[in-house]
Amino acid sequence: MRNLHKIYETQDQPLLALRDITLDVRSGEFVTFVGPSGCGKSTLLNIIGGLLDRTSGDIWFKGQEQREPRREIGMMFQTAVLFDWRTVVDNVLLPVEILGMDREAYRSRALQLLDLTGLKGFEAAYPRQLSGGMQQRVSLSRVLVYDPEVLLLDEPFGALDEFTREAMNLELLHIWDTTKKTVVFVTHNINEAVFLSDRVVVMTPRPGQIAKVLDVKLPRPRTREAMKLPLFAEKVFEVRELLGVAH
Ligand code: ADP
Ligand code: MG
């Protein structure tokens, strides 16, 4: 990303949502954007995913200009957006259908992912029969099923309680570790940002700018133990200070 700006044209006056975002995301990296509500995190992720156009600036994906959704980039939103009338496994297979791939060939992979995300036994259930955390697991399985290289995750666990969030974080790290994907994650939860990431990008309130990029050199693979380390506390405090919540 080079000097990305985004202005929303609204009825009254133009709204500057993002100002001068420049960042390189490396292949295989886990990068998290953290910032207050309304600072432009979703805007940025939608631009990266090619769902939204920037006002100015450039963005490339592996040397190609990035303007449209592409198969290599999968996106997961804050709410699970599952289809009520489709079973769990059929919800997971949705992108396979949309991309015109062979449904039957991907069925076993879908079942494997449901197993991996702790949903074994719920393959034939309907979304209304699942808790919020389980629905997010379905949504995570769905973005993983066609194996995109890059995952864009927009506050995927924002609606979950602390316990479920922590379990989902560990699962996500396990998947990231075993599949070597690139993850661009968005959250307003500081602990989550530090726990998951190689780098934390701290954003300012609107218009969203990059306040600072922090390296988080906690050991990998990360376990809950990482949260006990002084370095974890230091990084969390540093992010809190940058966001102005330390006082
Ligand atoms: P975040 O995800 O960090 O909460 P958003 O990217 O959703 O922030 O929004 C950033 C700012 O842009 C907010 O002030 C929001 O009201 C505004 N905004 C978002 N989408 C639109 C839109 N489609 N039209 C006008 N303003 C928008
Ligand atoms: Mg958002």
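**Close-up 1. Glutamate 149 and its partner, lysine 62.** Glutamate 149 counts as partly exposed because its relative accessibility is 35%. This is a predicted model. The side chain of glutamate 149 meets that of lysine 62 in a salt bridge, with 2.9 Å from N to O. The pair links distant parts of the chain, 87 residues apart. Lysine 62 sits in the loop between β5 and β6 (64-65), while glutamate 149 sits in the loop between α5 and β8 (150-154). Lysine 62 has 60% relative accessibility, so lysine 62 counts as exposed. Side chains of opposite charge can pair when their charged atoms come close. The structure holds 21 salt bridges.

**Close-up 2. The second largest pocket.** This pocket has a volume of about 410 Å³. Its lining is made by 22 residues. Closest to the centre are Val25, Trp60, Phe61, Lys62 and Val150. Lys62 is also the salt-bridge partner of glutamate 149. Two elements, β5 (60-61) and β9 (182-187), each supply at least two lining residues. By class, the lining divides into 10 nonpolar, 5 polar and 7 charged residues.

**Close-up 3. The largest pocket.** Here the volume is about 540 Å³. The lining counts 23 residues, and the closest to the centre are Met75, Phe77, Pro95, Ile98 and Tyr146. The elements giving two or more residues to this lining are β7 (73-76), α3 (94-98) and α5 (132-144). β7 gives the most, with 4 residues. What classes make up the lining of the largest pocket? There are 16 nonpolar, 4 polar and 3 charged residues. Rolling a probe the size of a water molecule over the atoms shows where empty space is left.

Close-up 4. Leu51, Phe77 and Val81 make a nonpolar surface patch of about 270 Å². Leucine 51 lies in the loop between α1 (41-48) and β4 (56-58). Is leucine 51 buried, partly exposed or exposed? Leucine 51 counts as partly exposed, because its relative accessibility is 48%.

**Close-up 5. A network of salt bridges.** Asp53, Arg54, Glu65 and Arg67 are linked in this network. One of its pairs is glutamate 65 with arginine 67. Their side chains meet at 3.3 Å, N to O. Glutamate 65 has 42% relative accessibility and therefore counts as partly exposed. Arginine 67 also counts as partly exposed, because its relative accessibility is 41%.

Close-up 6. Glutamate 162 forms a salt bridge with arginine 165. Their closest N and O atoms are 3.9 Å apart. Both residues lie in helix α6 (residues 162-179). They are 3 residues apart, about one turn of the helix. How do the two partners count, buried or partly exposed? Glutamate 162 counts as partly exposed because its relative accessibility is 49%. Arginine 165 has 8% relative accessibility, so arginine 165 counts as buried.

**Close-up 7. Alanine 110 in helix α4.** Alanine 110 lies in helix α4 (residues 103-116). Its relative accessibility is 0%, so alanine 110 counts as buried. Where does lysine 217 lie relative to alanine 110? The two C-alpha atoms are separated by 33 Å. Along the chain, alanine 110 and lysine 217 are 107 residues apart.

Technical notes: Residues numbered from 1 in each chain as written. Chains lettered and ligands numbered in written order. Predicted model: local features only at pLDDT ≥ 70, side-chain atom pairs only at ≥ 80, totals over all residues. Heavy atoms only, no water. Patch = residues over 30% accessible without salt bridge, like charges linked within 9 Å, V, L, I, M, F, W, Y side chains within 5 Å. Areas by Shrake-Rupley, 256 points an atom, 1.4 Å probe, with all protein chains shown as cover. Salt bridge = Lys/Arg side-chain N within 4 Å of Asp/Glu carboxyl O. Buried < 20%, exposed > 50% of the residue type's maximum accessible area, 1.4 Å probe, protein only. 1 Å grid on protein atoms, 1.4 Å probe; cavity = no way out; pocket = protein on both sides within 12 Å on 5 of 7 lines; lining within 4 Å. Points joined across faces, edges and corners; volume = space filled by probe spheres on them. Nonpolar A, V, L, I, M, F, W, Y, C, P; charged D, E, K, R; others polar.
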